[in-house]
Amino acid sequence: MEVRRLLFMIPYLSISLLLLLLFHNAQAQVPGFVSLDCGGNGNYTDFLGLQWTSDNQFMFGETAKITVANETRTQYSTVRYFPADIRRKYCYSLDVKQRVRYLVRTTFLYGNFDNNNVYPKFDISIGATYWSTIVINDASTMEVKELIFLATSPTISICLSNATTGRPFISTIELRPFNGSLYLTDHESQFYLSVSARINFGAESEDPVRYPDDPFDRIWASDSLKKANYLVEVAAGTVKVSTKSPIDINKDDRPPQKVMQTAVVGTKGSLTYRLNLDGFPGFGWAVSYFAEIEDLKPSDTRIFRLVVPGMPDVTKAAVNIQENAQGKNRLYEPGYTNISFPFVLNFKFLKTAESTLGPLLNAMEINKYLKINDGSLDVIAFAGLVSHYPLADWAREGGDPCLPVPWSWVNCNSDPQPRITSIDLSGKNLSGNIPSELTTLPGLTELRLVGNSLTGPIPDFTGSTDLKILHLENNQLTGELPSSLTDLDNLKELYLQNNKLSGEIPSGLLNKNLVFNYTGNNDLHPGGNHKTKAGIIIGATVGAAVLLLATIISCVFMNRGRKKHHNKGELTTPMPSHRLVVSSLNDAGTESAHCFALSEIEEATKNFEKKIGSGGFGVVYYGKMKDGREIAVKLLTSNSYQGKREFSNEVTLLSRIHHRNLVQFLGYCQEDSKHILVYEYMHSGTLKEHLYGPLTREGAISWLKRLEIAEDSAK
């Protein structure tokens with residue numbers, strides 16, 4: 001609050017005392033509160049008295065400033081954003097106290113931070129547990145997600161991943177501890193509570209109620225807020241009432257005084273509402289808050305029931321606020337700790353026949369149960385592994401090593417609780433002994449620790465019984481080869497070259513069907529049976545020669561096959577020309593599609609910088625040619641037969657088909673194993689965006705036009 005406003009409200013307060021109070025408020029800290037300004041530059045205290053901390057110590061991502069009309073709060077003037085890579089996740093790790101319940105709040109204000117006007121869509125998760133999909137539909141509308149959890153470990157990870165359009169980003173992260181049992185449920189070891197609605201009925205303005213009125217900084221949204229599908233279809237006769245009298249709320253963690261001092265009353269006997277519940281359908285936790293704040297006559301009664309269509313059981317109990325709360329201005333909070341709700345919730349409070357007054361409602365909370373994913377079965381081992389390297393970039397990726405997507409140096413299987421199957425820590429400047437955590441991973445099939453400074457002996461890997469590939473070359477390992485290596489029945493590759501190993505090689509390794517390289521270890525040598533080793537080397541050499549010959553013969557026959565089937569609609573690339581000749585499927589004639597050079601595409605797209613969408617088997621990027629033409633470039637991401645066949649079909653068909661309702665196909669590129677399709681860029685957006693997306697606000701497509709498009713598409 002500005003100084004002059006305080007002076008106006010408190011005219012007799014001395015200037016020195018006022019400044020002292022303001023200084024004290026600015027320095028106040030709320031115990032346990034964490035407020036991260038993502039992308040911010042420094043620490044500060046906001047107008048509510050909350051201290052904000054910059055996330056400038058976070059090692060991933062980039063920052064950007066944004067400007068949004070009517071938004072002046074410092075914490076929403078910056079964002080931190082990340083590359084649009086569906087194979088990576090980016091996690092914040094926050095310290096928490098175990099066995100304490102917390103509210104975590106994340107906000108996302110796009111503000112066109114990348115100057116691309118591509119609305120991002122990505123996932124947010126808590127550790128291994130999927131939380132929600134963030135869908136941005138407007139550059140100036142803030143998305144807010146809240147979740148209540150019981151801390152079971154010293155840290156909590158908040159991760160962004162799976163960006164299907166745009167770049168994942170975040171504006172703020174807030175952590176607020178509770179000290180009561182309000183959100184205690186019988187299921188909190190298995191489910192989080194994802195906040196869907198927290199409403200202050202009878203609010204005097206559109207502003208929410210939060211800290212300092214609510215000591216836990218919960219945000220109680222005003223029922224006067226105007227937004228789509230939020231508290232619509234309000235019954236006639238609904239009026240707002242309020243009181244200045246204090247409300248007896250019994251416990252600190254119930255709704256704050258300011259919320260309970262306002263209400264709505266159905267003067268014509270009913271209160272009706274409809275709202276969309278974020279995250280539903282599903283099972284949830286719902287509580288209504290009532291306090292009789294009106295002066296009733298001795299003859300007055302206020303008795304009513306909750307009515308939800310299709311849920312007759314909730315109608316059975318009647319509410320008599322004064323009787324249930326045992327007096328006026330006292331809190332009564334009936335609710336359901338496990339109830340099924342649809343996505344679109346219609347509900348009513350209807351007065352009973354004997355009641356003289358209509359229903360009254362002060363506040364409401366609805367939370368959805370979010371099933372906790374226990375994560376990878378190897379998470380404890382990996383926590384120990386990364387603890388050895390606390391400053392290494394690769395050890396600070398955060399979250400679960402496998403879920404929702406694996407760390408950049410890890411692969412996992414697809415089990416509900418996945419196991420780690422491969423690890424590649426090559427060239428990561430590892431030193432000391434090989435960490436013991438790498439030797440006891442039962443699902444591990446491949447381990448690469450190439451080009452580090454690891455020392456000491458090779459450990460016993462028999463705890464990883466499925467290990468097939470082991471690369472330890474180019475380190476400084478010493479000692480003899482452990483005989484336990486011969487017990488790895490699935491081992492197919494063993495690379496140990498350029499270490500300082502010594503002694504005799506166990507005969508079991510020389511007798512196995514194994515690709516084995518131990519060169520560069522001057523003191524390491526086979527045992528007495530040299531013929532076995534020689535046989536392995538000769539066998540491997542002959543096998544390689546046969547494989548090479550078979551490959552050459554296969555290539556010759558495949559090439560003949562391509563020529564033979566050229567007239568059946570396949571794509572061919574005659575050498576040395578770079579032009580692709582496309583034959584029609586019915587041999588009615590041929591057309592030549594323009595072939596772009598890869599260098600042209602890379603220059604036009606600035607090395608595939610701006611992602612504008614994805615679909616089918618590819619990701620679509622924006623580009624601009626030297627002549628000023630704007631293009632949409634689809635880069636095939638699937639190397640599967642199906643993906644390449646789709647590429648072939650699109651070039652074949654689109655080079656011959658032209659229609660005013662089809663995007664114009666400009667050409668293709670096949671170079672350096674890349675398969676690229678080039679289309680005209682659609683400035684006005686896609687048909688889908690005009691039918692369902694944000695462009696509907698600019699003017700809906702008429703039904704006649706929709707029919708014309710459908711008819712033309714069918715033709």
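Trainee: What do the buried residues of helix 5 pack against?
Mentor: They pack against strand 26 and strand 27, the latter covering residues 420–424. Bear in mind that this is a predicted model.

Trainee: Which residues in helix 5 are buried?
Mentor: F382, G384, L385 and V386 are buried there.

Trainee: What is the S to S distance for C402 and C412?
Mentor: The S to S distance is 2.0 Å. The angle about the S-S bond is -85°, and the link of C402 and C412 is left-handed.

Trainee: Is C402 buried or exposed?
Mentor: C402 is buried, because its relative accessibility is 4% and the cut-off for buried is under 20%.

Trainee: How many disulfides does the structure hold?
Mentor: The structure holds 2 disulfides. Besides the link of C402 and C412, a disulfide joins C91 to C159, with an S to S distance of 2.1 Å.

Trainee: Where do C91 and C159 lie?
Mentor: C91 is in strand 6 (residues 89–95) and C159 is in strand 11 (residues 155–165), so this pair ties together parts that are 68 residues apart in sequence. Both C91 and C159 are buried.

Trainee: Right-handed or left-handed, the link of C91 and C159?
Mentor: Right-handed, with 110° about the S-S bond.

Trainee: And what pattern do the disulfides follow along the chain?
Mentor: The pattern is 1-2, 3-4, with bonded cysteines counted along the chain.

Trainee: What about C38, buried or exposed?
Mentor: Buried, because C38 has 0% relative accessibility.

Trainee: Change of topic. Which residues of helix 8 are buried?
Mentor: In helix 8, residues 598–605, the buried ones are L598, I601, A604 and T605. They cover an arc of only 130° around the axis, so they sit on the same side of helix 8.

Trainee: Why would residues with gaps between them point the same way?
Mentor: An α-helix has 3.6 residues a turn, so residues three or four places apart point the same way.

Trainee: OK. What does that side of helix 8 pack against?
Mentor: The buried residues of helix 8 pack against strand 41 (618–624), strand 42, strand 43 (665–671) and strand 44 (674–680). Just after helix 8, K606 takes a positive phi of about 50°.

Trainee: Which residue in strand 42 does UniProt place a feature at?
Mentor: The unreviewed UniProt entry places the feature "binding site" at K634. K634 is in strand 42, residues 630–636. K634 is buried, with a relative accessible area of 14%.

Trainee: Now the core. Which residues touch the most other members of the largest nonpolar core?
Mentor: Y289, F341, F347, F349 and I366 do, in a core of 54 residues. A second, separate core has 44 residues, including W407, L430, I458 and L470.

Trainee: What does Y289 touch?
Mentor: Leaving out residues up to four places away in sequence, Y289 touches a list of residues that includes L182, W220, P255, M260 and Y332.

Trainee: Where does P526 lie?
Mentor: In the loop between strand 36 (523–525) and helix 7 (530–564). P526 is buried, with a relative accessible area of 13%. The C-alpha atoms of P526 and I505 are separated by 4.9 Å, and these residues are 21 apart along the chain.

Trainee: Last one, the whole chain. How many helices and strands does the protein chain have?
Mentor: The protein chain has 11 helices and 44 strands. Of its 715 residues, 46% are buried. The chain exposes about 36600 Å², and carbon and sulfur atoms supply 52% of that.

Terms used:
Residues numbered from 1 in each chain as written. Predicted model: local features only at pLDDT ≥ 70, side-chain atom pairs only at ≥ 80, totals over all residues. Heavy atoms only, no water. Core = buried A, V, L, I, M, F, W, Y, C linked by side-chain atoms within 4.5 Å. Buried < 20%, exposed > 50% of the residue type's maximum accessible area, 1.4 Å probe, protein only. Contact = heavy atoms within 4.5 Å. UniProt positions renumbered as here; feature names shortened; annotations may be inferred. Helix = DSSP H or I, 4+ residues; strand = E, 2+ residues; numbered from the N terminus. Arc of directions from axis to C-beta. Areas by Shrake-Rupley, 256 points an atom, 1.4 Å probe, with all protein chains shown as cover. Disulfide = S-S within 2.5 Å.
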